[in-house]
Amino acid sequence: MRSRFLDQTAGFLVLAGVFVSSGCLPSEPKPPTPAEMVERGRYLVTVAGCNDCHTPKVFAGGGMSPDDTKLLSGHPQGLEVPAYNPDQVAPGQWLLFNQHLTAAVGPWGVSFAANLTPDEDTGLGDWTEEEFIATMRTGTHRGIGRPILPPMPWFNLAQATDQDLQAIFAYLQSIPAISNQVPDPIDPPAVEPPT
């Protein structure tokens with residue numbers, strides 16, 4: 001009796017092992033590989049439209065497209081902000097963009113799209129993954145600094161999963177580093193209170 005019980009138990013365990021190893025039972029998903037993380041990050045950066053503001057444009061045929069030689073390098077260094085009428089960008093009025101869509105003017109002043117490449121001196125090359133995620137979660141530079149200004153939709157990215165933000169950071173660290181010093185934001189002109 002005991003021998004038959006042991007034989008049946010052993011047989012059951014062998015069948016259970018075959019069943020589990022064949023993938024018939026759900027198992028923990030394996031973590032993505034570094035290459036899969038980079039590819040997921042590329043996809044997210046593309047569908048989120050990061051190139052719309054963070055990549056300078058080339059103009060041809062009456063339209064514009066991202067300049068792939070300056071991928072995600074931010075507002076071009078040395079490109080002046082065109083003159084504008086501050087009354088046009090007062091609250092309730094217009095928001096203005098430069099020709100590359102890398103600088104925006106509004107009631108907050110002038111903001112410039114950051115260099116997202118892994119350049120050590122002018123981009124995200126010396127950032128940690130934790131700083132990048134904190135920036136997206138808090139809307140502050142490196143998670144502790146100045147506010148991230150419009151039109152950057154950090155509040156949308158704050159809703160992303162940690163794994164998606166890790167993937168975006170992995171992708172940004174994988175692209176070519178481009179040295180491009182983006183200017184600091186410019187405060188709005190002082191407005192005299194009505195008398």
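Mentor: Two strands are said to pair if DSSP finds at least two bridges between them. The strands themselves (E, at least two residues) and the helices (H or I, at least four) are DSSP runs, numbered from the N terminus. This is a predicted model, so local features need pLDDT of at least 70 and side-chain atom pairs pLDDT 80 or more, while totals for chains, interfaces and linings use all residues. Residues are numbered from 1 along each chain as its sequence is written, and side-chain values use heavy atoms, with hydrogens and water left out.

Begin with S4 and S5. Strand S4, residues 103–106, pairs with S5 in the antiparallel sense over 4 bridges. Within that pairing, Ala-104 has Ser-111 of S5 as its bridge partner, and Gly-106 is opposite Gly-109 in S5. The two strands are joined as a hairpin through 2 residues. S4 and S5 belong to an open sheet of 3 strands, ordered S3-S4-S5 with antiparallel pairing. Strand S3 (96–97) and strand S5 (109–112) are at the edges with a single partner strand each, so one side of each lacks a neighbour in the sheet. In general, strands of a sheet pair through backbone hydrogen bonds, parallel or antiparallel.

Lys-57 has Pro-66 in S2 as its bridge partner. There are 2 residues between S1 and S2, and Gly-61 in the turn has a positive phi of about 60°. Leu-72, in the loop between S2 and S3, also has a positive phi, about 55°, although it is not a glycine. Most residues other than glycine have a negative phi, and most peptide bonds are trans. The peptide bond from Pro-150 to Pro-151 is cis, with omega near 5°; Pro-151 lies in the loop between H4 and helix H5 (154–157).

Now the helices. Axes are lines fitted to C-alpha atoms, for helices over the stretch in contact, with angles from 0 to 180 degrees between N-to-C directions. Helix H4 (residues 129–138) and helix H6 (residues 162–174) pack at about 120°, their axes 10 Å apart. Contact means heavy atoms within 4.5 Å. Among the H4 residues that meet H6 are Phe-132, Ile-133 and Met-136, and their H6 counterparts include Leu-165, Ile-168 and Phe-169.

The structure holds 2 aromatic pairs. One of them is Phe-132 with Phe-169, tilted, 5.4 Å centre to centre and 35° between the planes. Rings of Phe, Tyr and Trp (its six-membered ring) pair if their centres lie within 6.5 Å; planes under 30 degrees apart are stacked, over 60 edge-to-face and the rest tilted. Phe-132 lies in helix H4 and Phe-169 in helix H6, so the pair ties together parts 37 residues apart in sequence.

Helix H6 also packs against helix H2 (residues 34–47), at about 95° with axes 7 Å apart. H2 and H6 are therefore roughly perpendicular to each other.

Definitions and conventions. Angles under 35 degrees count as roughly parallel, over 145 as roughly antiparallel, 65 to 115 as roughly perpendicular and the rest as oblique.
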